Amino acid sequence: MRNKNEFGIREFLKDYPGMSLVPSRGSSLVLEGVFSFSGMPKNKLSITDSYQIRITVPEKFPRAIPTVVETVRKIPLDGEHHVNNSDGSLCLGSPLRLLQKIYENPSLVGFSENCLVPYLYGASHKLQTGEDFPFGELRHGDKGIIDDYLVLFGLKTADQMKQALLLLGIKERIANKKTCPCGCGQRLGKCSFRQKLNRYRKLASRSWFRDHQAKLGAGK
Ligand SMILES: [Zn+2]
């Protein structure tokens, strides 16, 4: 039996009254409807807009990221609006950055305000002005994710970054005996980079990091 206010659904439905809970198979939670928002970031255009969307919240939320699909294709699938060609899901940001934001405010309202609205604001901004997404823009797909992780981890090369993700996929005790990815030449356990990695350990499971590492750079 699920908790009736799981993930703060009640607050979410109050803040976004066009959305409603729809029956779903499996253990994910599905919310569908019209998502209306207003955004007025500092020194940016004030935008009020709405999108028809479906949010699928995985059972492991907040240690897994909801998937959002815009169901009527107001946002074009042209490779320039951060929509995944494969399943039509919106690219809200790099997975680790999203997990970090969700961790800091682990509710559906937190996810909406910190991950979804900034993306939709960017999409509306682009649709209305023709200008690019106004926030520190990542390249679409794996390249953008790798760029973002180099910044998050403070590493220089994609190989170092992959090594860091590999270490997040194994037990801390064992990872500490491996060579540190930062290039210091020491074991991870002897380098302060360990603390940086440990901040990410709490965001998702080891198997999440293993899957993510395996998929990253595998195709796109
Ligand atoms: Zn190091």
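**Which residues in α2 meet which residues in α4?** In this close-up of the predicted model, P95, L96, R97 and Q100 in α2 meet I145, D148, Y149, V151, L152 and F153 in α4, where contact means heavy atoms within 4.5 Å. Helices here are DSSP runs of H or I with at least four residues, strands are runs of E with at least two, and both are numbered from the N terminus. Two packed helices are described by the angle between their axes and the distance between the axes. For α2 and helix α4 (residues 142-153), the angle is about 55° and the axes lie 8 Å apart; axes are lines fitted to C-alpha atoms, for helices over the stretch in contact, and angles run from 0 to 180 degrees between N-to-C directions. The two helices, α2 and α4, are therefore oblique to each other (under 35 degrees counts as roughly parallel, over 145 as roughly antiparallel, 65 to 115 as roughly perpendicular, and the rest as oblique). By class, this α2 and α4 contact has 7 nonpolar, 1 polar and 2 charged residues; Ala, Val, Leu, Ile, Met, Phe, Trp, Tyr, Cys and Pro count as nonpolar, Asp, Glu, Lys and Arg as charged, and the others, Gly among them, as polar.

A word on conventions: residues are numbered from 1 along each chain as its sequence is written. Because the model is predicted, local features need pLDDT of at least 70 and side-chain atom pairs count only at pLDDT 80 or more, while totals for chains, interfaces and linings use all residues; side-chain values use heavy atoms, with hydrogens and water left out.

**Helix α2 also packs with helix α8.** Here α2 (residues 95-104) and α8 (residues 206-215) pack at an angle of about 155°, with axes 12 Å apart, which makes α2 roughly antiparallel to α8. Look for P95, L96 and L99 of α2 beside W208, F209 and H212 of α8. This set divides into 5 nonpolar, 1 polar and no charged residues.

**Helices α5 and α7 cross at roughly 60°.** The axes of α5 (residues 158-168) and α7 (residues 193-201) come within 10 Å, and α5 and α7 are therefore oblique to each other. At the contact, A164, L167 and L168 in α5 meet F193, L197, Y200 and R201 in α7.

**Domain 1 (6-129) faces domain 2 (155-215).** These bounds come from an automatic or database domain assignment. The domain centres, taken over C-alpha atoms, are separated by 29 Å, and 8 residues of domain 1 are in contact with 10 residues of domain 2. About 870 Å² is buried between them, 68% of it from carbon and sulfur atoms; buried area is the accessible area (1.4 Å probe) that two parts lose on being put together, summed over both. On the domain 1 side, R63, L96 and Y103 supply 61% of the area buried against domain 2, more than any other three residues.

**Two backbone features deserve a friendly glance.** Most residues other than glycine have a negative phi, and most peptide bonds are trans. A cis peptide bond joins F61 and P62, with omega about 5°, and P62 is found in the loop between β3 (47-57) and β4 (67-70). F7, in the segment before α1 (9-15), has a positive phi of about 60° although F7 is not a glycine.
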